[in-house]
Amino acid sequence: MSEVNVNSEENFKPEKPSLIGMVFSPGEQLERVKGNPKVLVPLLLVTLLYTIGAAITAFGMDSIWILQELGPEEAQFFAEIEGFMRIMILVTGLLIPLIGALIFAVVFLIIAKAAGKANVTFKKLYSLSLFVSVIGGLGFLFNGIMTTVFGANPNTPFTSLAVLMQAEGKLAIILASIEVFTIWQLIVTVLGLRKVAEFNAGLAWATVIIYSVIGIFISLIGV
């Protein structure tokens with residue numbers, strides 16, 4: 001009987017988490033991430049998702065929105081580097097998942113160790129970040145398509161408060177950050193930290209909100 005149990009344990013393989021499943025059953029997928037964290041495939045797929053969204057935005061956006069905010073000399077300079085800027089938007093799409101997940105994993109690994117969560121590993125947190133990023137990637141893709149179809153300002157996501165309220169400067173950036181996919185991703189991230197990193201509700205919410213606010217603050221620098 002004991003031999004049967006041993007063999008069954010050896011043959012047992014934790015189920016792989018699914019990126020598509022993050023949309024319909026995030027709780028189940030996050031449980032799988034905890035027991036079977038995956039990195040390479042989700043990294044490639046999420047990067048592909050962001051790259052497609054960046055390509056649509058870069059080569060489909062109407063530059064009139066940028067030209068309206070520039071003076072004559074600045075507009076001429078922009079015309080000379082417009083192609084380069086579009087390529088840079090595409091490159092940014094390639095780097096967002098890789099760098100974003102890396103920063104997230106490092107920051108929350110430090111928090112986890114400080115909170116005494118000995119079972120939390122860098123791989124688990126990196127995998128968690130990648131799987132949660134699929135939500136942001138879908139939002140990035142959706143807004144890129146909408147921007148291109150309607151010839152709208154790429155800095156104003158269709159799913160954000162910035163669409164409903166006219167604002168400029170720092171307020172416009174803050175309103176643009178308050179959008180459906182960002183809030184959705186924030187909630188799932190909290191759920192992920194509770195399941196994968198075993199954070200309590202207070203720690204998970206506090207750290208994710210502070211992390212998000214710092215990201216918005218960095219976006220405001222130089223505006």
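A crossing of two helices is left-handed if the near helix is turned anticlockwise from the far one by less than a right angle, and right-handed if clockwise. The exercises below apply this and related terms to a predicted model, in which local features need pLDDT of at least 70, side-chain atom pairs count only at pLDDT 80 or more, and totals for chains, interfaces and linings use all residues. Residues are numbered from 1 along each chain as its sequence is written, and side-chain values use heavy atoms, with hydrogens and water left out.

**Exercise 1. Describe the overall make-up of the chain.**

Step 1. Helices (H or I, at least four residues) and strands (E, at least two) are DSSP runs, numbered from the N terminus. The chain has 10 helices and 0 strands.

Step 2. Buried means under 20% relative accessible area, exposed over 50%, and partly exposed in between (1.4 Å probe, protein chains only). Of the 223 residues, 35% count as buried.

Step 3. Contact means heavy atoms within 4.5 Å. Among contacts with a separation of 6 or more, 65% are between residues 24 or more positions apart.

**Exercise 2. Characterise the packing of α3 against α7.**

Step 1. Axes are lines fitted to C-alpha atoms, for helices over the stretch in contact, and angles run from 0 to 180 degrees between N-to-C directions. The axes of α3 and α7 are 9 Å apart, and the helices pack at an angle of about 155°.

Step 2. Angles under 35 degrees count as roughly parallel, over 145 as roughly antiparallel, 65 to 115 as roughly perpendicular and the rest as oblique. Helix α3 is therefore roughly antiparallel to α7.

Step 3. The crossing of α3 and α7 is right-handed.

Step 4. From α3, Leu30, Val33 and Lys34 meet Lys124, Ser127, Leu128 and Phe131 of α7. Ala, Val, Leu, Ile, Met, Phe, Trp, Tyr, Cys and Pro count as nonpolar, Asp, Glu, Lys and Arg as charged, and the others, Gly among them, as polar. The α3–α7 contact residues comprise 4 nonpolar, 1 polar and 2 charged.

**Exercise 3. Characterise the packing of α7 against α9.**

Step 1. Helix α7 spans residues 122-150 and α9 spans residues 180-196; their axes come within 10 Å and cross at roughly 165°.

Step 2. The two helices, α7 and α9, are therefore roughly antiparallel to each other, and their crossing is right-handed.

Step 3. The contact includes Leu125, Leu128 and Phe142 of α7, and Trp184, Val188 and Leu193 of α9. Its residues divide into 11 nonpolar, 6 polar and 1 charged.

**Exercise 4. Locate the largest nonpolar core.**

Step 1. A nonpolar core is a set of buried Ala, Val, Leu, Ile, Met, Phe, Trp, Tyr and Cys residues joined through side-chain atoms within 4.5 Å. The largest has 33 residues, of which Met22, Phe108, Leu125, Leu128, Val134, Leu193 and Phe199 touch the most other members.

Step 2. At least two residues of this core come from each of α3, α4, α6, α7, α9 and α10. Helix α7 supplies the largest share, 9 residues.

Step 3. Beyond its neighbours within four places in sequence, Val134 is in contact with Leu19, Met22, Val46 and Leu49.
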